[in-house]
Amino acid sequence: MLILTCPYCGVAADETELAPGGQAHLTRQGPGADSAAFEAYLFHRKNPKGVHFERWRHAHGCGKWFHAARDTVTLQVFGTYPAQSLTPPDTILKAIAATYPGFEWEGEA
Amino acid sequence: MSDPHTPMIAQIAQAPAQGMITLRGALSARKIAAAARAVAGVAMPGPLECRFDGARGIGWMSPDEALILLPRQDVAEALASLQKALVGVHATVVDVSDARAVFRVTGPHAREVLAKLSPADLSPAAFGPGAMRRTRLAQVPVAIWAEGDGAFSLICFRSVAVYVGALLAEAAQPGGAVGYFPSGA
């Protein structure tokens, strides 16, 4: 069972109270983008075995979108942070590095 | 079927015609907090809290949403006074009395009846008097608040009120006590 703490209301919400929103930190490709970039934005998603940055919505709660960093294999949660963040906060990256020394964020997709 | 001679482990009652007003805006803003206090008679609650004074109160629904509870017949007047107080302020007030149903769960095992149906931590330590939490009851969203003396209230959408009433009644059947929480907690 996955439990994520909503960074807005502070509730430790069960997975069944949340709605998944897929990969976080995507760069939106607008009308001026070329086809390949737009295709990548629409369809190409990471499916890592390990650390993943995701969007979640506290659907059965305060209703806010937030970001979470977790391990898709061990289900270890490294932390959650507001959806307005363009990059994962240092505290999250440090928590990941504590488990996976040398981990570096790949940057926006 | 329940045995008519064995009491239910909690009493379920659907509250008649509760007045409810949703207030959205920056809850900590002075004007918004003052306007809410003027109609509800209590100060704006903090996160995951609710405050009551008699029939009126405010529940904290999200960082930018509060639920004002008051007698049904006072809703129109309160709505008008809120709208007057919030002119020029980025906030919205809506009468949602007809949108939601209110249930009251009382009795020695009221906490267990709710905990059986929800993934939320409803232990006495985590969910004491004055606590409020929006969560899930079986398949539908609800908001639950603890009133103290072992009584709880919950709101759900009116469209699922029959479902919620049946769920609660089923969970409160005689012999349904789990004994996980102390009786009356």
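**Close-up views of pockets, cavities and contacts**

**View 1. The lining of the largest pocket takes at least two residues from each of strand 8, strand 9 (140-148) and strand 10 (151-157) of chain B.** The model shown here, as in every view, is predicted. The volume of the largest pocket is about 280 Å³. Its lining counts 17 residues, and those closest to the centre are Met61(B), Arg100(B), Arg134(B), Pro141(B) and Phe157(B). By class, the lining of this pocket holds 8 nonpolar, 5 polar and 4 charged residues.

View 2. Contact involves 14 residues of domain 1 and 9 residues of domain 2. How many salt bridges cross the interface of the two domains? The rule finds 1.

**View 3. Arg134(B) pairs with Glu65(B) through their side chains.** The pair forms a salt bridge, with N to O at 3.8 Å. Arg134(B) also lines the largest cavity.

**View 4. The largest cavity has residues of both chain A and chain B in its lining.** Its volume is about 60 Å³. From chain A come Cys9(A), Val11(A), His58(A), Gly61(A) and Cys62(A). From chain B come Leu48(B), Trp60(B), Met61(B), Met132(B), Arg133(B) and Arg134(B). Strand 4 (56-62) and strand 8 (132-137) of chain B are the elements that give two or more residues to this lining. Which element gives the largest share? Strand 8 of chain B does, with 3 residues. The lining of the largest cavity splits into 7 nonpolar, 2 polar and 2 charged residues. Domain 1 and domain 2 of chain B each contribute at least three residues to it.

**View 5. The second largest cavity holds about 30 Å³ of space.** A search of the whole structure finds 2 cavities of 30 Å³ or more. The lining of the second largest cavity consists of Gln14(B), Ala15(B), Pro16(B), Ala17(B), Gln18(B), Met20(B), Arg100(B), Ala101(B), Val102(B) and Arg158(B). At least two residues each come from strand 2 (18-25) and strand 7 (100-106) of chain B. Strand 7 provides the largest share, 3 residues. By class, 6 residues of this lining are nonpolar, 2 are polar and 2 are charged.

**View 6. Chain A and chain B bury about 970 Å² between them.** Of this area, carbon and sulfur atoms give 56%. Chain B brings 14 residues to the contact and chain A brings 12. How many salt bridges are counted between chain B and chain A? The count is 2. Arg133(B) forms a salt bridge with Glu17(A), side chain to side chain, at 2.7 Å from N to O. Arg133(B) also lines the largest cavity.

**View 7. A salt bridge within chain A joins Glu106(A) to Lys46(A).** The closest N and O atoms of the pair are 3.3 Å apart. The two residues are 60 residues apart and link distant parts of the chain. Glu106(A) sits in the segment after helix 2 (90-99) of chain A. Lys46(A) sits in the loop between helix 1 (35-43) and strand 4 (51-57) of chain A. Over all chains, the structure holds 11 salt bridges.

Terms used:
Residues are numbered from 1 along each chain as its sequence is written. Chains are lettered from A and ligands numbered from 1 in the order in which they are written. This is a predicted model: local features need pLDDT of at least 70, side-chain atom pairs count only at pLDDT 80 or more; totals for chains, interfaces and linings use all residues. Side-chain values use heavy atoms; hydrogens and water are left out. On a 1 Å grid over the protein atoms alone, a cavity is a set of points where a 1.4 Å probe fits but cannot get out, and a pocket is an open set with protein on both sides within 12 Å along at least five of seven lines; lining residues have an atom within 4 Å of a point. Grid points are joined across faces, edges and corners, and a volume is the space filled by probe spheres set on the points. Helices (H or I, at least four residues) and strands (E, at least two) are DSSP runs, numbered from the N terminus. Ala, Val, Leu, Ile, Met, Phe, Trp, Tyr, Cys and Pro count as nonpolar, Asp, Glu, Lys and Arg as charged, and the others, Gly among them, as polar. Domain bounds come from an automatic or database domain assignment. Contact means heavy atoms within 4.5 Å. Buried area is the accessible area (1.4 Å probe) that two parts lose on being put together, summed over both. A salt bridge is a side-chain nitrogen of Lys or Arg within 4 Å of a carboxyl oxygen of Asp or Glu.
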